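This report concerns a sheet, the helices that accompany it and a set of aromatic rings. Please consult the sequence and the structure shown below while reading.

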Amino acid sequence: MSEPKQLDRDQVMMTLAAAGYNSENWSIADRKYAMATRGFILGAFSAALWTFQAFFKLLNWTEEANDCDDFARIGAGFAQILHFLTPGRPPATALAVGEFWYRTDKGSGHAIDLAICGDEVVAYEPQKRQEVQLSATEKSNGMLVRF
């Protein structure tokens with residue numbers, strides 16, 4: 001099995017920007033990131049996230065108390081926990097999964113997770129545990145990117 005490709009902070013920002021993501025605020029906290037895979041995000045991670053959310057009774061949206069920013073924060077943090085617990089993971093790396101807060105085409109604020117998976121960025125809706133497609137305008141209307 002080959003080791004996952006690794007990115008530094010600048011490469012994370014450049015990968016997101018090349019995919020059309022822009023933001024008023026960028027927070028890329030770690031020095032090195034291991035890329036996720038699409039299969040992991042949409043498979044094992046998604047299933048484990050559902051189990052985690054169900055166990056703590058966090059499956060239902062609740063205004064302000066358990067809404068999109070909370071789902072995005074839990075999703076990105078939980079992905080990092082799974083990465084940390086993965087035997088044989090690249091040492092001294094975070095997982096290239098983070099939060100993206102943006103303005104939707106309808107004008108409201110929303111937050112999801114982004115995962116850098118090889119040559120693509122997967123937009124992941126942690127409330128529904130599925131991939132979503134953002135418009136070019138939504139990608140460019142970021143308020144916060146946090147990895």
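F45 is buried, its relative accessible area being 1%; buried denotes under 20% relative accessible area, exposed over 50%, and partly exposed the range in between, with a 1.4 Å probe and protein chains only. F78 is likewise buried, at 10%.

This is a predicted model, in which local features need pLDDT of at least 70 and side-chain atom pairs count only at pLDDT 80 or more, whereas totals for chains, interfaces and linings use all residues. Residues are numbered from 1 along each chain as its sequence is written, and side-chain values use heavy atoms, with hydrogens and water left out.

## Aromatic pairs and cluster

Rings of Phe, Tyr and Trp (its six-membered ring) are paired if their centres lie within 6.5 Å; planes under 30 degrees apart are called stacked, over 60 edge-to-face, and the rest tilted. The count by this rule is 9 aromatic pairs. One of them joins F45 and F78 in a tilted arrangement, with 6.4 Å centre to centre and 40° between the planes. This pair links distant parts of the chain, as F45 belongs to helix α2 (residues 38-55) and F78 to helix α3, 33 residues apart. Helices (H or I, at least four residues) and strands (E, at least two) are DSSP runs, numbered from the N terminus.

F55 and F56 form an edge-to-face pair, at 4.8 Å centre to centre and 85° between the planes. F55 counts as exposed at 63% relative accessibility, while F56 is partly exposed at 46%. Ring pairs connect F40, F45, F52, F55, F56, F78 and Y124 into a cluster.

## The sheet

An open sheet of 6 strands has the order β2-β9-β5-β6-β7-β8, with mixed pairing; two strands pair if DSSP finds at least two bridges between them. Its edge strands, β2 and β8 (130-131), each pair on one side only.

Strand β2 (residues 26-27) pairs with β9 (residues 142-146) in the parallel sense over 2 bridges, and S27 has R146 of β9 as its bridge partner. Strand β5 (residues 97-103) pairs with β9 in the antiparallel sense over 4 bridges; here F100 is partnered by V145 of β9.

## Helices on the sheet

Helix α1 (residues 9-18) lies across β2, β6 (109-117), β7 (120-125) and β9, and runs at about 115° to β6. Helix α3 (residues 68-85) packs on the sheet and touches β5, β6 and β9, its direction making about 20° with that of β6. Contact means heavy atoms within 4.5 Å; axes are lines fitted to C-alpha atoms, for helices over the stretch in contact, and angles run from 0 to 180 degrees between N-to-C directions.
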